Amino acid sequence: MRVVIEKMGINGEGIGYINRKPVFVEGVLIKEEADIEITANNKTYAVGKVKKIVKTSEHRVKPKCKIQGRCGACPLMITDYENQCAVKEANLKQALIKYAHVNPRLIKKIIPSENVFNYRNQLKLPFSMNEERELVTGMYQPNSNYFNEIDHCVIHDQDLEQTRKAVLKVLNDYRCRSYDYHQKKGFRSLIIRMIDGRSQITLVTGEEELPASMIEAIMQIKGVVSLWQSVNTIKKTPEIFGPKMVLLAGERTLDIRMDDLKLQLSPRSFFQLNTLQAKRLYSTAKGLLKEHYGLIVEAYSGVGGISLYLKDKADEIIGIESIKDAVVNANANAKLNHADNVSFICADAADKLTYISKKREIDLLVVDPPRSGLDDAMLETILRSKIREIVYISCNPATLGKNLDILLDRYEVKVVQPVDMFPNTAHVESITLLVRK
Ligand SMILES: C[S@@+](CC[C@H](N)C(=O)[O-])C[C@H]1O[C@@H](n2cnc3c(N)ncnc32)[C@H](O)[C@@H]1O
């Protein structure tokens, strides 16, 4: 079947229509024409696989990565960066109009990323064995068990890639094997966070005792400041880290600088993946605010970066975060940065916000939730409270749109500012400023 691609979907796929039914096709761009094979045909939509592209977009480029399209992380790498930004802006507009009827004129042009490649400061990759019986890292093809070995990832920081290769060499020198679910032994995942040339490494393993000389060899790799082991023998789990973390060598935290801020990060704490753009994200959010507030609450605060960026904007700032390690980091970060007016609480965001909003007046709420967006309890608490302003930082236009639809009962959108944090991927980050009606 031949299809003309009319728009792009939220996952970076092309969408065309056959007999008015939408057909989702990976690896194609707007205005391209392709011969496709229908691989799934449901009542309301179909899925197609490209056999041949018969008309090519002027925005198509040759992807820099050999396994683009197979690993699934970078569907937009087939188009120039200007067009990637246009696709992201259109997707955000589409979602916010569809779910919440947001006036498109309030949605600004996306702030592009300075670094289109080599921007990721962290990798979290599963291990496997290749045909030569060597331990390798890679990605499972989306919706399949097929493992693609990653030889060289072009969105990872170059030093991060060097470190990954050096760690693999050590593990192979010691003849380490990938995880065996029956024996509960072997290596499951490699996690490396590398910022400003310094790295924190975590090996997620089965019940494995690692030789002291191997630990020493990893610590000798350039820039490595700590090596952690996380034992995870839970069979089917979406969690990469196991319940227990053991510091094998080096420093407990990765200490970084972000503009004037000093931040400490533990392996399990969330931290923005594109450090340069994170500074832009935070300073753009700050730029949308008034001069000064009484009380700011930041929900989903991670290691406290946003609250600390805003420390001069309020009499008091309270952060709420559910991961204990991140809260320990955040409170240490408040001390390190002499922010006596900023503190962090380990709790569920909705629970704690309900508690605070019953006792005190909140002038500004900052939320930066995971991809699933704000849950019902959080939305209910916000609607019941008298919070005056909200800054909603979102990494998922669909959940943002659905949440806004509910919040718009009591709030008005002032501006939506997209920021590209993840070039080549389909992810769209945005900041929305809402004011109580
Ligand atoms: C997208 S991250 C944002 C972190 C932080 N704002 C930053 O810029 O680094 C979302 C954070 O929400 C936390 N989180 C997830 N669900 C939560 C909940 N129900 N209550 C509190 N925090 C939660 C996660 O642990 C994570 O640190």
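Predicted model: local features only at pLDDT ≥ 70, side-chain atom pairs only at ≥ 80, totals over all residues.
## A loop residue to start from

D180 touches K185 and G186, leaving aside residues up to four places away in sequence. Two residues touch, or are in contact, if their C-beta atoms, placed from the backbone, lie within 7 Å. D180 sits in the loop between α2 (158-173) and β9 (187-195).

Residues are numbered from 1 along each chain as its sequence is written. The average pLDDT of the protein is 96, and 100% of the residues score at least 70. pLDDT is the predictor's confidence in each residue, from 0 to 100.

## The overall fold

The protein has nine helices and 21 strands. Both are DSSP runs numbered from the N terminus: helices are H or I with at least four residues, strands are E with at least two. The radius of gyration is 23 Å, close to the 22 Å that the globule rule gives for 437 residues, so the protein is as compact as a globular protein of that length. That radius is taken over C-alpha atoms, and the rule is 2.2 Å times the number of residues to the power 0.38.

Along the principal axes, the C-alpha atoms fill a box of roughly 65 × 60 × 35 Å. Of the 437 residues, 41% count as buried. Among contacts between residues at least 6 apart in sequence, 62% join residues at least 24 apart.

## Helix α1

Helix α1 covers residues 81-100. Its 20 residues reach 28 Å from first C-alpha to last, close to the 28 Å expected at 1.5 Å a residue. The expected span is 1.5 Å times one less than the number of residues. Which residues of α1 are buried? They are Q84, C85, V87, K88, N91, L92, A95 and L96. Seen down the axis, they fall within an arc of 160 degrees, so they line one face of α1. The arc is that of the directions from the helix axis to the C-beta atoms.

The cover over these residues includes β1 (2-8), α9 (397-407), β20 (411-419) and β21 (429-436). After α1 comes H101, with a positive phi near 50 degrees.

## Helix α8

In α8, the buried residues are M378, T381 and I382. They cover an arc of only 100 degrees around the axis, which puts them on the same side of α8. D376 and R384 are exposed on the other side of α8. What covers the buried residues includes α7 (349-359), β18 and α9.

## A residue inside a strand

I201 belongs to strand β10 (residues 198-205). I201 is buried, with 26 other C-beta atoms within 10 Å. Beyond four places in sequence, I201 touches V167, I192, I218, V224, S226, L227 and W228. I201 and A326 are 125 residues apart in sequence, and 17 Å apart in space, C-alpha to C-alpha.

## Positions listed in UniProt

An unreviewed UniProt entry lists C395 for "active site". UniProt positions follow the numbering used here, feature names are shortened, and annotations may be inferred rather than shown by experiment. C395 lies in the loop between β19 (389-394) and α9. C395 is partly exposed, with 17 other C-beta atoms within 10 Å. Not counting residues up to four places away, C395 touches R371, H427 and E429.

For "binding site", the unreviewed UniProt entry lists Q272, Y300, E321 and D368. Y300 is in the loop between β15 (293-299) and α5 (305-309). Y300 is buried, with 21 other C-beta atoms within 10 Å. Beyond four places in sequence, Y300 touches E321, A349, V367, D368 and P369. D368 is in the loop between β18 (364-367) and α8 (376-384). D368 is also buried, with 22 other C-beta atoms within 10 Å. With residues up to four places away left out, D368 touches Y300, I306 and I393.

Conventions:
Buried ≥ 20, exposed ≤ 12 C-beta atoms within 10 Å, placed from the backbone.
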